[in-house]
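Take a look at the structure below.

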Amino acid sequence: MHLPVAAGDDVTPPQRYGPRDRDDLRPLYATLAQKYRLVIYSGDTDGCVPFVGTEEWTAGLGFPVVEDWRGWNAGTNQNMSASINAGYVTTYAAKPNHNFTFLTVKGAGHMVPEFKPVASLQFLERFFANK
(Lines give C-alpha, C1' and ligand atoms only; values in the text may rest on other atoms or scores of the structure.)
Protein backbone atom coordinates (compact mmCIF):
# COMPACT_ATOMS: atom_id res chain seq x y z
CA MET A 1 0.00 0.00 0.00
CA HIS A 2 1.23 3.47 -0.83
CA LEU A 3 0.16 5.52 2.16
CA PRO A 4 1.70 8.84 3.03
CA VAL A 5 3.48 9.13 6.36
CA ALA A 6 1.27 11.00 8.82
CA ALA A 7 2.56 14.34 10.08
CA GLY A 8 4.47 13.83 13.32
CA ASP A 9 4.65 10.04 12.81
CA ASP A 10 8.19 9.18 13.90
CA VAL A 11 7.45 5.44 14.16
CA THR A 12 6.72 4.63 10.53
CA PRO A 13 9.63 5.43 8.20
CA PRO A 14 8.76 6.24 4.58
CA GLN A 15 8.92 3.24 2.26
CA ARG A 16 11.46 3.21 -0.56
CA TYR A 17 10.68 1.04 -3.55
CA GLY A 18 12.66 0.19 -6.63
CA PRO A 19 15.94 -1.35 -7.69
CA ARG A 20 18.05 0.98 -5.54
CA ASP A 21 16.39 0.38 -2.17
CA ARG A 22 19.36 -1.72 -0.97
CA ASP A 23 23.10 -1.24 -0.94
CA ASP A 24 24.95 -2.23 -4.10
CA LEU A 25 26.58 -5.60 -3.42
CA ARG A 26 28.61 -5.78 -6.64
CA PRO A 27 31.83 -4.55 -4.99
CA LEU A 28 31.45 -7.27 -2.36
CA TYR A 29 30.97 -9.96 -5.03
CA ALA A 30 34.01 -8.67 -6.93
CA THR A 31 36.11 -8.95 -3.77
CA LEU A 32 34.77 -12.40 -2.94
CA ALA A 33 35.37 -13.63 -6.50
CA GLN A 34 39.03 -12.65 -6.20
CA LYS A 35 39.39 -14.67 -2.99
CA TYR A 36 37.12 -17.68 -3.58
CA ARG A 37 35.71 -19.71 -6.46
CA LEU A 38 32.10 -18.60 -6.94
CA VAL A 39 29.15 -19.73 -8.96
CA ILE A 40 26.12 -17.47 -9.26
CA TYR A 41 23.11 -19.27 -10.71
CA SER A 42 19.60 -18.31 -11.77
CA GLY A 43 16.56 -20.15 -12.98
CA ASP A 44 15.65 -18.88 -16.43
CA THR A 45 11.92 -18.73 -15.58
CA ASP A 46 12.38 -16.85 -12.30
CA GLY A 47 9.80 -14.07 -12.28
CA CYS A 48 11.11 -12.64 -9.00
CA VAL A 49 14.79 -12.20 -9.95
CA PRO A 50 15.05 -12.54 -13.75
CA PHE A 51 18.31 -14.08 -14.95
CA VAL A 52 18.96 -11.23 -17.38
CA GLY A 53 19.55 -8.86 -14.46
CA THR A 54 21.89 -11.34 -12.80
CA GLU A 55 23.69 -11.86 -16.09
CA GLU A 56 24.09 -8.09 -16.43
CA TRP A 57 25.59 -7.48 -12.99
CA THR A 58 27.91 -10.51 -13.15
CA ALA A 59 29.22 -9.36 -16.54
CA GLY A 60 29.49 -5.86 -15.14
CA LEU A 61 32.03 -6.96 -12.51
CA GLY A 62 34.61 -6.56 -15.25
CA PHE A 63 36.40 -9.90 -15.10
CA PRO A 64 37.78 -11.20 -18.42
CA VAL A 65 35.69 -13.89 -20.09
CA VAL A 66 37.38 -17.30 -20.11
CA GLU A 67 34.50 -19.15 -21.75
CA ASP A 68 31.68 -17.23 -23.39
CA TRP A 69 27.95 -17.98 -23.03
CA ARG A 70 27.53 -21.65 -23.93
CA GLY A 71 25.10 -24.44 -23.22
CA TRP A 72 25.68 -27.00 -20.49
CA ASN A 73 24.10 -30.44 -20.17
CA ALA A 74 22.64 -32.40 -17.27
CA GLY A 75 20.24 -35.22 -16.58
CA THR A 76 16.52 -34.79 -16.09
CA ASN A 77 14.33 -35.31 -13.05
CA GLN A 78 13.12 -38.52 -14.71
CA ASN A 79 16.51 -39.76 -15.97
CA MET A 80 19.70 -38.66 -14.20
CA SER A 81 21.93 -40.27 -16.84
CA ALA A 82 20.34 -38.33 -19.70
CA SER A 83 22.28 -35.48 -21.24
CA ILE A 84 20.09 -32.58 -22.33
CA ASN A 85 20.60 -28.82 -22.44
CA ALA A 86 20.15 -27.67 -18.85
CA GLY A 87 20.91 -23.97 -19.32
CA TYR A 88 23.79 -21.68 -20.17
CA VAL A 89 27.06 -20.75 -18.49
CA THR A 90 29.67 -18.00 -18.75
CA THR A 91 33.04 -18.32 -17.03
CA TYR A 92 35.18 -15.36 -15.99
CA ALA A 93 38.80 -15.24 -14.78
CA ALA A 94 38.61 -13.69 -11.33
CA LYS A 95 42.21 -14.69 -10.63
CA PRO A 96 44.71 -16.85 -12.47
CA ASN A 97 44.06 -19.84 -10.21
CA HIS A 98 40.27 -19.77 -10.09
CA ASN A 99 37.21 -18.68 -12.01
CA PHE A 100 33.93 -16.92 -11.35
CA THR A 101 30.94 -18.56 -13.03
CA PHE A 102 27.45 -17.38 -13.97
CA LEU A 103 25.03 -20.19 -14.81
CA THR A 104 21.36 -20.46 -15.74
CA VAL A 105 19.15 -23.48 -15.16
CA LYS A 106 16.61 -24.04 -17.92
CA GLY A 107 13.01 -24.27 -16.78
CA ALA A 108 13.74 -23.42 -13.14
CA GLY A 109 12.09 -20.67 -11.16
CA HIS A 110 13.40 -18.83 -8.13
CA MET A 111 13.98 -21.97 -6.06
CA VAL A 112 16.23 -23.73 -8.59
CA PRO A 113 16.84 -26.95 -6.56
CA GLU A 114 13.10 -27.37 -6.02
CA PHE A 115 12.30 -27.08 -9.74
CA LYS A 116 15.37 -28.86 -11.17
CA PRO A 117 16.94 -31.03 -8.45
CA VAL A 118 18.99 -33.21 -10.81
CA ALA A 119 20.46 -30.31 -12.78
CA SER A 120 21.16 -28.48 -9.48
CA LEU A 121 22.95 -31.46 -8.01
CA GLN A 122 24.97 -32.04 -11.17
CA PHE A 123 26.16 -28.45 -11.53
CA LEU A 124 27.10 -28.31 -7.84
CA GLU A 125 29.00 -31.61 -8.11
CA ARG A 126 30.89 -30.21 -11.11
CA PHE A 127 31.61 -26.97 -9.27
CA PHE A 128 33.01 -28.78 -6.22
CA ALA A 129 35.04 -31.07 -8.51
CA ASN A 130 36.43 -27.95 -10.25
CA LYS A 131 35.06 -28.99 -13.64
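## One residue and its contacts

Start at A86. Setting aside neighbours within four places in sequence, A86 is in contact with W72, N73, A74, T104, V105, K106 and A119. Contact means heavy atoms within 4.5 Å.

The model is predicted: local features need pLDDT of at least 70, side-chain atom pairs count only at pLDDT 80 or more, and totals for chains, interfaces and linings use all residues. Residues are numbered from 1 along each chain as its sequence is written, and side-chain values use heavy atoms, with hydrogens and water left out.

## The chain as a whole

The protein chain has four helices and four strands. Both kinds of element are DSSP runs, numbered from the N terminus: helices are H or I with at least four residues, and strands are E with at least two. From the N terminus on, the order is α-β-α-β-β-β-α-α.

How much of the protein chain do buried residues make up? They account for 31% of its 131 residues. Buried means under 20% relative accessible area, exposed means over 50%, and partly exposed lies in between (1.4 Å probe, protein chains only). Now take the contacts between residues at least 6 apart in sequence. Of these, 56% join residues at least 24 apart.

## The sheet

The four strands form an open sheet in the order β1-β4-β3-β2, with mixed pairing. Two strands pair if DSSP finds at least two bridges between them. The edge strands are β1 (38–43) and β2 (65–74), and each pairs on one side only. From one strand to the next, the twist averages 20°. Axes for such angles are lines fitted to C-alpha atoms, for helices over the stretch in contact; angles run from 0 to 180 degrees between N-to-C directions.

Strands β1 and β4 run parallel, joined by six bridges. Here G43 stands opposite V105 in β4. Strands β3 (residues 84–95) and β4 (residues 98–105) pair in the antiparallel sense, also over six bridges. T90 stands opposite F102 in β4. The strand β1 is mostly covered, with five of its six residues buried.

## The cores

Which residues form the largest nonpolar core? There are 12: V39, W72, A74, A86, V89, L103, V105, A108, V112, A119, F123 and F127. A nonpolar core is a set of buried Ala, Val, Leu, Ile, Met, Phe, Trp, Tyr and Cys residues joined through side-chain atoms within 4.5 Å. The elements β2, β3, β4 and α4 (117–128) each give two or more residues to this core. The helix α4 gives the most, with three residues. Apart from this core lies another, of 11 residues, among them I40, F63, Y92 and F102.

## Two residues compared

L103 sits in strand β4. Is L103 buried or exposed? L103 counts as buried, because its relative accessibility is 6%. Leaving aside neighbours within four places in sequence, L103 is in contact with V39, I40, Y41, S42, W72, Y88, V89 and F123. L103 and Y88 are 15 residues apart in sequence, and their C-alpha atoms are 5.7 Å apart in space.

P96 lies in the loop between β3 and β4. P96 counts as exposed, because its relative accessibility is 88%. P96 and Q34 are 62 residues apart in sequence, and 9.4 Å apart in space, C-alpha to C-alpha.

## One face of a helix

Now turn to helix α2 (residues 51–59). Its buried residues are T54, W57 and T58. Seen down the axis of α2, these buried residues fall within an arc of 100°, so they line one face of the helix. The arc is that of the directions from the helix axis to the C-beta atoms. What covers the buried residues of α2 includes α1 (26–35), β1, β3 and β4.

## Salt bridges

How many salt bridges does a search of the whole structure find? It finds two. A salt bridge is a side-chain nitrogen of Lys or Arg within 4 Å of a carboxyl oxygen of Asp or Glu.

One joins D24 to R26, with the closest N and O atoms 2.8 Å apart. D24 is partly exposed, at 44% relative accessible area, and R26 is partly exposed at 35%. In the other, the side chains of E67 and R70 meet, at 2.9 Å from N to O. E67 is partly exposed at 34% relative accessibility. R70 is partly exposed too, with a relative accessible area of 34%.
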